[in-house]
Structure formats: C-alpha cells, structure tokens
Amino acid sequence: MKESSTAPRFRLLIHGQDGSIPYLTPELIQLMFFPEETDDHLLEDGKLHREHIILGLAVKDTCVAPDYQETPSKNKKRKGYSAVEEENDIHLAKQVKLDDLSSADASIQNSSFDGKDSNSTSEKLQQQQQNKKPSGYSFLNKHKSSRICGLLSASNYMEKYLRTPHQLSTLIVPTFSFVSNDDNGMTAYSSDEKKHIPKKQVAKQSQQKVYSANNVVPKSSKDAVLIDTPHGWQSIQPEQYCDAVSSMILPTKSNLLPSSCEGAVGLFDHVDLSSSQSDSLFSGNLTDKNFDKEESEISTTSQQAWKQALKKITLSVQKSNDWACRAQDIFLNEAQPIKFWLPVQILASQLPSHVVFTTPKIRPNLQKQFEDKEQKLLSNHSNVAIIGWDALVCGNNQRLDVLRNLMDTLLQSASTNPKQFLLLAVNDLQSILDAARAGVSIIGSNMARVRSRNGVAFCFDFDSDDSISGKEMDLKDTRFARDFYPILSKCTCLACRPRKTGMAPSFTRAYIHHLIQAKEMLSEILLFTHNLHQLILLFRQLSKEAALDEGAEGRGHLEAFCRKFEQSLTR
C-alpha cells in the first residue's frame with residue numbers, strides 16, 4: 001500500500017513462495033514492516049520497506065488444490081451430499097491446521113445426509129482421508145475459494161489461507177520464469193551467480209539431474225500453456241487463470257473491499273530456442289531488424305537458424321497476445337475490475353513493430369487494410385510486463401540495447417496513457433542497474449533469497465558520492481570465524497542493528513559463519529533480512545537519482561550513480 005502522495009520511482013518485486021515472503025515468519029514480518037516501537041529509525045525503516053516492496057505471488061504454487069475421486073458406494077441410491085465434497089472439506093480443514101476444529105465439525109454436521117449421524121460419518125471419512133491419495137490437482141476456482149473461506153470463517157483467500165500480509169502490495173503472475181525452479185531452490189544460475197555457488201552443490205545438482213536451462217519445457221497449445229507446479233506440469237487456459245486470480249484476490253462477500261493487489265500479469269508463452277538459434281539473433285548485425293540481409297553477409301546455416309528463431313518468436317508472441325485479449329475481457333467484466341498487465345516477450349524486439357501486437361487472428365500482411373479491435377487494445381495498453389530477461393544469452397550491453405529497443409517500440413505505439421513497465425526475473429545487480437537506466441519502474445528479483453541460501457551478504461554504501469560501493473561478502477570464508485563485527489556497521493536491518501541493552505550488534509559475522517557451517521536455517525533467515533534491506537536501500541537511492549534527473553538540476557544523476565556502482569562491482 002502506498003502511504004505517501006508520491007510513490008517511489010523504482011520498486012522491488014519479491015518472488016514470494018506459497019503466498020508469503022521467503023524465510024519470514026509473521027513475527028519477523030511484523031518487526032521488519034510494521035514495527036511497534038517508538039524508535040524513529042525503526043519506524044522509518046518499516047515505512048521504507050513497505051513503500052519499495054511488492055510481493056509477487058505465482059499461481060503455479062498458490063492456486064493448486066488437490067482433487068479426490070468419489071469412492072464407489074455399495075448403495076446404488078445417490079446420496080444427497082457428495083462424498084467428494086465432504087472429503088475435500090476435511091482435507092482443507094486438516095491442511096490449514098485449524099486451531100478450532102469445532103467450526104469444521106459444525107459445517108460438516110450441517111450437511112447431514114440420509115438421516116445418518118453426521119459425527120460418525122465425519123470420523124469415518126477422517127479415517128479414510130489418512131490413507132487416501134488425491135486423484136489429481138487443479139487450479140483454484142471461486143467454488144473452492146468460497147469453501148475454504150467458509151471453513152476459516154474468512155472473507156478473503158489470500159489473507160487467511162495464504163497468510164499474505166494485507167498491508168503489503170501484491171502482484172499476481174502465472175510463473176516468474178520458465179528457466180528456473182524457485183520452489184526447491186534449484187536454479188539455472190547465471191554466470192554472475194555461479195561464482196557464489198559451492199562446487200559441491202553444483203556437482204550434487206548435476207548428479208541429481210535437477211532442473212536447468214537445458215531441460216525441455218513442454219510446448220504450449222493454442223488455448224493453454226503448461227506451467228511447472230509443485231505437483232508437476234499443469235495445463236492452464238486463460239479462463240482458468242482469470243478464475244484462479246479472481247478467486248484469490250477478490251473477497252467472497254460483495255460488500256467488502258478487495259485485497260491490496262496491484263493487478264495480474266497475463267499468461268505468456270515460453271520461447272524454446274536452440275543454442276544456434278539464440279546465437280544467430282545476437283551475432284553480427286542481426287539485431288538491427290534488417291530483414292533484407294544478403295546471404296553473402298552470413299552463412300546459410302546462420303541465416304536459416306535466424307529465420308527459424310524469428311518464426312518461433314512470432315508464434316509465441318501471437319499466442320501470448322491472444323491469451324491477453326481473452327483475459328483482459330474477463331478481468332474487465334468482474335464485479336470489481338482487476339488491473340491487467342500485458343506480458344511482452346523481450347525477444348519481440350527482434351521483430352518489426354507491426355508484428356509485436358499481432359494475434360493469430362490478425363495477420364501482419366492485413367494490418368494495413370483494417371484496424372482490429374484486439375490490435376488496438378494491445379498497443380494502447382498502459383501496463384506492460386517484460387518477460388524473458390533471464391533467458392537472454394547475449395552480453396550486458398546487448399541486453400540493455402534489446403530492452404531499450406523493445407521499450408521504444410512499445411512507447412511509440414498509439415497510447416493515451418503513459419506506460420508503466422515491469423521486468424519479471426532479474427538475477428544480478430548489473431541487470432537492476434540496466435533496468436533502471438531503461439526506465440523500468442518495477443523490477444522483479446529473487447537475488448535476496450539466492451544469495452542468502454549461499455551464505456553471501458550484500459554490503460552497499462551510499463553515504464557520499466565518493467564512497468558509493470556495492471560489494472558482496474561471502475560469510476562461508478573461514479576468515480570470518482573470529483570476526484565479531486556486524487555484517488555492515490551502518491546497517492539497520494534485523495541482523496545488524498545493535499541490541500537494546502548495549503552497543504553490541506545483534507548477530508556477528510562469526511556467529512553467522514558458525515550457523516552456515518552448522519547448516520542452520522537461521523543463517524539464511526538473518527542473511528535474507530539483511531540482503532532484502534540492502535536491496536531496498538539500493539532502490540531508494542535509484543529513486544532519488546531519478547527524481548534529481550526529473551527536477552530542475554538537470555539530467556545525468558542516475559547514469560553517474562550507475563557507473564560508480566558498476567565500478568565498485570568490478571573491484
């Protein structure tokens with residue numbers, strides 16, 4: 001929720017897990033975002049965290065519920081109350097760990113059937129439930145959401161079932177990325193991240209054949225896309241996705257206000273390119289959108305790979321645009337309209353501008369003859385989510401050029417409203433700087449959790465122009481075994497702030513090093529709170545520099561800050 005009249009220029013989209021912030025318990029969330037103490041510094045930090053953070057919720061892990069097959073009854077007469085419904089109710093009551101089971105028993109007792117004793121029936125079904133396995137999994141819908149909220153005596157699925165802090169802004173996505181698996185911590189690491197990954201962990205992952213960028217992602221169909229859920233790949237259509245989003249964020253009672261959600265990103269398709277096709281897109285002058293290249297300039301093989309890559313990108317963009325049009329109509333027809341973010345593949349920058357907003361119904365060669373309603377809806381959309389950044393194989397300079405080319409194409413489209421850009425998956429600090437340079441206002445990243453899991457702490461310094469630095473401290477190093485200083489002396493996070501009884505830090509580098517060596521989860525919790533606080537400080541500084549560029553002092557402040565920060569990263 002925005003508490004000030006002017007929102008920050010840049011905000012961080014955290015990749016949430018199962019509807020909440022990683023590692024943080026409700027008590028830690030209270031301390032970090034809503035401190036009750038009278039200390040002005042703590043209250044200021046809490047406000048800073050709330051203003052610069054958006055919690056990203058993925059439908060792939062928050063809206064998947066089990067289904068149970070109805071057991072055949074010996075009695076041929078159909079019961080008035082389906083056994084499937086009752087078993088689902090019991091499973092949900094057990095899953096959410098209700099503190100007071102009497103409410104669940106009361107709801108079951110109210111649904112008596114055939115004059116039998118409801119209590120005995122409930123006990124029998126509970127015994128059957130212990131040995132019963134789900135027949136499958138499906139996505140959340142309004143019927144399931146209402147039943148869950150009824151068991152919890154709640155009005156909103158997100159706040160009560162997922163336990164999402166209602167004071168924080170949220171944003172719904174189908175999945176954060178197709179090239180990484182955030183649920184189990186196994187990630188297709190970028191070259192910048194690999195240096196922080198222990199060799200033993202990399203070897204163990206390779207032996208276990210965990211998910212990587214080389215694994216095959218199932219192809220989507222015309223009407224549905226496959227996303228990787230904790231229960232395997234699940235197919236979801238735009239209508240199912242909209243139903244899941246509406247069931248999650250909208251209240252079950254019409255007289256209540258919806259949760260503090262800033263909208264939902266539409267379904268998007270994965271562009272499955274081979275290594276030769278990816279290389280052909282960024283080799284030579286192929287990124288200049290010149291489609292009349294002579295075959296003498298590049299080899300025939302590269303030319304064919306380039307054409308095949310453009311064909312795949314075009315088909316993927318058209319399918320995503322078609323799903324976006326279908327989802328937009330559904331969201332606008334809701335009783336309380338939901339803000340929609342148009343997903344745009346970053347590789348669409350390699351296509352001509354008149355192809356970016358096409359669907360399977362809108363042929364590029366017919367666009368000049370008529371103006372289609374769907375094409376106008378796509379080009380005039382004010383909220384754009386750029387996807388596929390983490391899958392680019394080019395260098396940093398080329399990535400920034402590709403991002404700027406795509407944003408220029410989107411900004412040049414006829415639009416009455418200024419466009420707001422979101423970048424979903426960012427894996428390194430350099431990408432955050434590049435996104436800020438290009439003008440992306442919401443930057444999604446999972447770096448705080450990835451670095452914390454590998455014992456690395458961010459150490460940023462923005463006190464003066466001469467002391468701008470962005471370093472990373474590997475607390476697994478044995479030189480920190482006797483280091484009794486805080487992670488960062490001037491940091492005010494939960495891990496570094498001094499104790500109330502004295503000036504000693506809350507947790508020292510030596511203690512966190514010990515926790516890492518002992519493989520205690522507390523080390524990851526402390527490092528996550530520190531790294532998240534440091535990233536928020538970085539976003540605050542980027543917002544300040546951008547405000548100076550927009551003010552009377554002239555331009556160049558943001559670029560100068562990014563260059564100084566980049567120089568500190570290479571030291």
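The model is predicted: local features need pLDDT of at least 70, side-chain atom pairs count only at pLDDT 80 or more, and totals for chains, interfaces and linings use all residues. Residues are numbered from 1 along each chain as its sequence is written, and side-chain values use heavy atoms, with hydrogens and water left out.

## Overall make-up

The protein chain has 21 helices and 14 strands. These are DSSP runs, numbered from the N terminus: helices are H or I of at least four residues, strands are E of at least two. Of the 571 residues, 53% are buried. Buried means under 20% relative accessible area, exposed means over 50%, and partly exposed lies in between, with a 1.4 Å probe and protein chains only. A contact means heavy atoms within 4.5 Å. Among contacts with a separation of 6 or more, 73% join residues 24 or more positions apart.

Two strands pair if DSSP finds at least two bridges between them.

| Strands | Sense | Bridges |
|---|---|---|
| S9 (residues 340–345) and S10 | parallel | 4 bridges |
| S10 (residues 383–387) and S11 | parallel | 4 bridges |
| S11 and S12 (residues 442–445) | parallel | 3 bridges |

Strand S10 has 5 of its 5 residues buried, so it is largely enclosed by the rest of the structure. Both of its faces are covered. Asn-383, Ala-385 and Ile-387 are buried on one side, Val-384 and Ile-386 on the other. Leu-342 stands opposite Val-384 in S10. Toward S11, Ile-386 has Leu-423 as its bridge partner.

What surrounds Asn-383? This residue belongs to strand S10. Its relative accessibility is 10%, so Asn-383 counts as buried. Leaving out residues up to four places away in sequence, Asn-383 touches Lys-339, Phe-340, Trp-341, Leu-342 and Gln-420. Gln-420, in S11, also stands opposite Asn-383.

Strand S11 (residues 420–426) has 6 of its 7 residues buried, so it too is largely enclosed by the rest of the structure. Val-426 has Ser-445 in S12 as its bridge partner. From S11 the chain crosses through helix H17 (residues 429–438) to S12, and this β-α-β crossover is right-handed. That term means that, with the strands pointing away from the viewer, the path from the first strand over the helix to the second runs clockwise.

Arg-437 is placed in helix H17. At 16% relative accessibility, Arg-437 is buried. Residues up to four places away in sequence aside, Arg-437 touches Leu-400, Arg-404, Gln-430, Leu-558, Glu-559, Cys-562, Arg-563 and Glu-566. The C-alpha atoms of Arg-437 and Ala-546 are separated by 9.2 Å, and these residues are 109 residues apart along the chain.

## Helix H1

Helix H1 (residues 26–33) has Ile-29, Met-32 and Phe-33 as its buried residues. They cover an arc of only 80° around the axis, which puts them on the same side of H1. The arc is that of the directions from the helix axis to the C-beta atoms. An α-helix has 3.6 residues a turn, so residues three or four places apart point the same way. The cover over the buried residues of H1 includes helix H2 (40–52), strand S2 (53–58) and helix H20 (521–550).

## Aromatic rings

Rings of Phe, Tyr and Trp (its six-membered ring) pair if their centres lie within 6.5 Å; planes under 30 degrees apart count as stacked, over 60 as edge-to-face and the rest as tilted. By this rule there are 11 aromatic pairs. Phe-462 and Phe-561 have ring centres 5.7 Å apart and planes at 55°, so this pair is tilted. Phe-462 lies in the loop between strand S13 (456–461) and strand S14 (469–474), and Phe-561 in helix H21 (residues 557–569), so the pair ties together parts that are 99 residues apart in sequence. Both Phe-462 and Phe-561 are buried.

Phe-507 and Tyr-511 form a stacked pair, 5.9 Å centre to centre with 20° between the planes. Phe-507 is partly exposed at 24% relative accessibility. Tyr-511 is partly exposed as well, at 34%.

Ring pairs also link Phe-458, Phe-460, Phe-462, Phe-561 and Phe-565 into a cluster.
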